[in-house]
Amino acid sequence: MRDATLIRTNGKVEPVKIDKYTDIQDAIGGLFAILPIGPRDKDNMTVFIDDEGLVKELPINMTASLWLMRLDLWPGLSQPIHGDVLIMGGTDKDGETMSVTEDIVASIPIFWREPYFEIITGPEALG
């Protein structure tokens, strides 16, 4: 099992476990393509996108699109990414995709927070 990070179209960023290529398909929601980004030795990550995201008219993934542009990993971005995006690490000497690193995950902007509410009772509630 390898660690990966899923960037959803609503901005939610969540960890996922990947064991085989069908796990990537399940995370992305269909057939996937590897996004050609910056120099492979520079980024040390692999970006999987829905191969038919635009054709299926999936929502634009602004979080992933802006993040990759900000890192200058997709300078020729002529169109935003449509659909969920899966981030994994680079490839090892055998060509196997590795787990995503913590520094890559930490660089992903967080635009979505879990909703919550808080009930305050007692003297603190009166202000």
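Trainee: Is Arg 8 buried, partly exposed or exposed?

Mentor: Buried means under 20% relative accessible area, exposed over 50%, and partly exposed in between, with a 1.4 Å probe and protein chains only. Arg 8 has a relative accessible area of 27%, so Arg 8 is partly exposed. This is a predicted model, in which local features need pLDDT of at least 70, side-chain atom pairs count only at pLDDT 80 or more, and totals for chains, interfaces and linings use all residues. Residues are numbered from 1 along each chain as its sequence is written, and side-chain values use heavy atoms, with hydrogens and water left out.

Trainee: With which residue does Arg 8 form a salt bridge?

Mentor: Side chains of opposite charge can pair when their charged atoms come close. A salt bridge is counted when a side-chain nitrogen of Lys or Arg is within 4 Å of a carboxyl oxygen of Asp or Glu. Arg 8 pairs with Glu 14, their closest N and O atoms being 3.1 Å apart. Glu 14 also forms a salt bridge with Lys 12, at 3.7 Å between the closest N and O atoms. Glu 14 counts as buried, at 18% relative accessibility, while Lys 12 is partly exposed at 23%. A network of salt bridges links Arg 8, Lys 12, Glu 14 and Asp 84.

Trainee: How many salt bridges does the count come to?

Mentor: The count is six. One of the salt bridges joins the side chains of Lys 17 and Asp 3, at 2.4 Å from N to O. This pair links distant parts of the chain, with Lys 17 in strand β2 and Asp 3 in strand β1, 14 residues apart. Helices (H or I, at least four residues) and strands (E, at least two) are DSSP runs, numbered from the N terminus. Lys 17 is exposed, with a relative accessible area of 52%, whereas Asp 3 is partly exposed at 33%.

Trainee: What is the order of the strands in the sheet?

Mentor: Two strands pair if DSSP finds at least two bridges between them. Here five strands make an open sheet in the order β2-β1-β5-β4-β3, with antiparallel pairing. The edge strands are β2 (13-18) and β3, each with a single partner strand, so one side of each has no neighbour in the sheet. Between β3 and β4, which run antiparallel, there are three bridges, and Phe 32 has Asp 50 in β4 as its bridge partner.

Trainee: How many aromatic pairs does a search of the whole structure find?

Mentor: Rings of Phe, Tyr and Trp (its six-membered ring) pair if their centres lie within 6.5 Å; planes under 30 degrees apart count as stacked, over 60 as edge-to-face and the rest as tilted. The search finds one pair. The ring centres of Phe 32 and Phe 48 are 5.3 Å apart and the planes stand at 85°, so the pair is edge-to-face. Phe 32 lies in strand β3 (residues 32-34) and Phe 48 in strand β4 (residues 45-50), 16 residues apart. Phe 32 is partly exposed at 26%, but Phe 48 is buried at 3% relative accessibility.

Trainee: Which residues have the most contacts inside the largest nonpolar core?

Mentor: A nonpolar core is a set of buried Ala, Val, Leu, Ile, Met, Phe, Trp, Tyr and Cys residues joined through side-chain atoms within 4.5 Å. The largest has 15 residues, and Met 45, Val 47, Trp 67, Val 85 and Ile 87 have the most contacts inside it. At least two residues of this core come from each of β4, α3 (62-70) and β5 (85-89). Another core, of 10 residues, lies apart from it, with Leu 6, Ile 18, Leu 86 and Met 88 among its residues.
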